[in-house]
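Let's take a walk through this protein fold together. Keep the picture open and follow along as we go.

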Amino acid sequence: MASIKDVANLAGVAVGTVSRVINNSGAVKPNTRRKVEEAIQELNYIPNEVARNFKMQRSKMVALLLPSIWNPFFSELAYYIEDELDIEGFKLMLCNSGGKPEKELYYLDMLRQNKVAGIVGITYNDIENNIGDDIPIVSIDRHFNKKITCVTSDNYEGGRLALRELVNAGARKPAFMGSVTSVFSETMNRRKGFIDEAQALGVDVVIYEKPDPIVDEDAYFKEFLSEHSDVDGIFAITDMLAASYIERARKQGIRVPEDVKVIGYDGIQDHPYFHPILSTIRQPVEEMARMAIRLLYSKIEGIPLDKQVYRLPVKFKQGETT
């Protein structure tokens, strides 16, 4: 029975070239492909389907690295990522890091050893030196110095939109409420858009931030409520932070939206099950998820992408808090 080496010798090519022709992967010149196909036919070579299927099974796994599965935005993102992978027969490996850099590094090492097809990653930690180019990667929200494709929403426009909507709702002293990551993330553009739009409109704003992650939320909000009692509008960097503010503000006798207008970012609480329904800057979560996977497929196949950062538009969703 002929082997793949016999085919390579007859065609005058390397074994790897024969493998690429058989699996229809990678670039092979037409003339070379014809020689390999003729050699396969002449030798009546039959590929080892067991070995091929095993290899393909390993390459059909994509890892999703998340800071927290408890966050509804990440959960929704994971849902659509898995759904898009399923269309092409890929499987999802969920890696929940809890936002801990040591756990992210552990997962990256594990994924290299298991040779997954690719990774979709969300991280706000400084782990860039531990990310190589041996596995195709698409990042959500985070920029790296290396050429890693990033999918994100238009965070800057979202910040501008939030400021305008607060002003239109009657806020005269709006505040940005957020947290600062140790590395640059697209989420920081929410603050920048908020500030730039305020300057353009001549509106005085308050910027309230603490290092990310916020370890003690009670202390975070206690300080804000005591130092900025005159604020009448809030743009929170996430819906979860906005919801936490509303809960604590009510305990202080602050009415939303009568006393303070509140806008979040993500769009996870625009469902009728939430009360009050939060006014929010809605990210196109499904489109972001599906785009990330389609781009990852291109990287897996070695197809060049036309740009490094893909930004998708956001929109304001009116709720009951403005």
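Val-180 stands opposite Pro-211 in strand β7. That strand covers residues 206-211, and six bridges join it to β6 (residues 174-180), with the two strands running parallel. Strands pair if DSSP finds at least two bridges between them; strands (E, at least two residues) and helices (H or I, at least four) are DSSP runs, numbered from the N terminus. To get from β6 to β7, the chain goes through helix α8 (residues 188-201), and this β-α-β crossover is right-handed: with the strands pointing away from you, the path from the first strand over the helix to the second runs clockwise.

A quick word on what you're looking at: this is a predicted model, where local features need pLDDT of at least 70 and side-chain atom pairs count only at pLDDT 80 or more, while totals for chains, interfaces and linings use all residues. Residues are numbered from 1 along each chain as its sequence is written, and side-chain values use heavy atoms, leaving out hydrogens and water.

Now for the rings. Rings of Phe, Tyr and Trp (its six-membered ring) pair if their centres lie within 6.5 Å; planes under 30 degrees apart count as stacked, over 60 as edge-to-face and the rest as tilted. The count comes to 12 aromatic pairs. One of them is Phe-90 with Tyr-297, tilted, at 5.1 Å centre to centre and 40 degrees between the planes. Phe-90 lies in the loop between α5 and β2 and Tyr-297 in helix α11, so this pair ties together parts 207 residues apart in sequence. Both are buried, meaning under 20% relative accessible area with a 1.4 Å probe, protein chains only (exposed is over 50%, partly exposed in between).

What about the inside? In soluble globular proteins, nonpolar side chains tend to be buried together. A nonpolar core here is a set of buried Ala, Val, Leu, Ile, Met, Phe, Trp, Tyr and Cys residues joined through side-chain atoms within 4.5 Å. The largest one has 37 residues, and Met-177 and Phe-224 are among those that touch the most other members. Helix α10 gives the largest share, five residues. Apart from this core lies another, of 29 residues, including Val-62 and Met-291.
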